[in-house]
Each structure stands twice: as C-alpha cells, then as structure tokens.
Amino acid sequence: MILTDTGPLVALLDADDSHHAACVAAARRLSFGPLLTTWPCFTEAMYLLGEVGGYAYQAALWSLRSTGRVVLLELTREEIDRLVVLMEKYKDTPMDLADASLVAIAESRSLRRVFSIDSDFFIYRLSDGAALEVVR
C-alpha cells in the first residue's frame, strides 16, 4: 500500500496533464494494492479535476474510490493535531493541508512510501527524522 498525493490522482485521470504518462506507468508498477489517500488530497483532486475536465473527470475519481483502487483514510484527532505542527514547521516551503495529512498519516501508521509529483516530499521528514520514499 502506498500513500497517494493529489498530483497523481489528477494526472492519472487527465490525459492532457504533463505527468499523465509517468503516473500511469508508476500506477501500473503499484498495481499490487490500493492507492491510499486522505480527504484533503481527494478534495483537492476533485477541485482540480473539475477545473480541467468537469464532472466526467470527477466521476472517474469517484469510480476509483468505489472500486477500491483509491482508499480514503480518515484522520484521527491526533493526526489532525499533528497537521498544525507540520504546517508550522514547513511554513517556509510552504506545506499545504494535503501534504501535511499524508505526512501525519505516514508517521502514525508506519507508512513510508508516497506516490507524488511534488518535490516537497523530498524535503519533509517524519517525526523520527526519516524521509519518505517518493514514487514517481
């Protein structure tokens, strides 16, 4: 299982996205399990997909969720509290809510891989000082 950022969710469904081919290839390599994401990433992806492809693209994202290819993880109270700390720590990057949600989930659930086109994930560190493995 791998955490999945907004960028790949959009790129997988938008053939005109500059990262489409790379994300499709990466998703094929990751076919052994669902793409885990958070509500902040899913919400951001819904918005961006609506901007580039309207409801048809949004419906495709809903379909990925309904088939189990994308799994939405609920944030715990502790993880939500951690978002504040992470966004403060990386305010100069800056870290957005979606990225913070993935880092918080990674820390608390011992997940170490993230599917992202966002280079900021090479900067972020987990609470133990470890870096996430970024899959592109």
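The model is predicted: local features need pLDDT of at least 70, side-chain atom pairs count only at pLDDT 80 or more, and totals for chains, interfaces and linings use all residues. Residues are numbered from 1 along each chain as its sequence is written, and side-chain values use heavy atoms, with hydrogens and water left out.

Now to the two helices. Helix H4 spans residues 77-89 and helix H5 spans residues 97-109; they pack at an angle of about 120°, with axes 9 Å apart.

Next, helix H1, residues 6-13. Seven of its eight residues are buried, so H1 is largely enclosed by the rest of the structure. Buried means under 20% relative accessible area, exposed over 50%, and partly exposed in between (1.4 Å probe, protein chains only). Among the buried residues of H1 are Gly7, Pro8 and Leu12.

Glu74, by contrast, lies in the loop between strand S3 (70-73) and H4. Glu74 counts as exposed because its relative accessibility is 53%. From Glu74 to Arg125 there are 51 residues in sequence and 21 Å in space, C-alpha to C-alpha.

Finally, Trp62 belongs to helix H3, residues 39-66. With a relative accessible area of 37%, Trp62 is partly exposed.

Key. Helix = DSSP H or I, 4+ residues; strand = E, 2+ residues; numbered from the N terminus. Axes fitted to C-alpha atoms, helices over the stretch in contact; angles between N-to-C directions.
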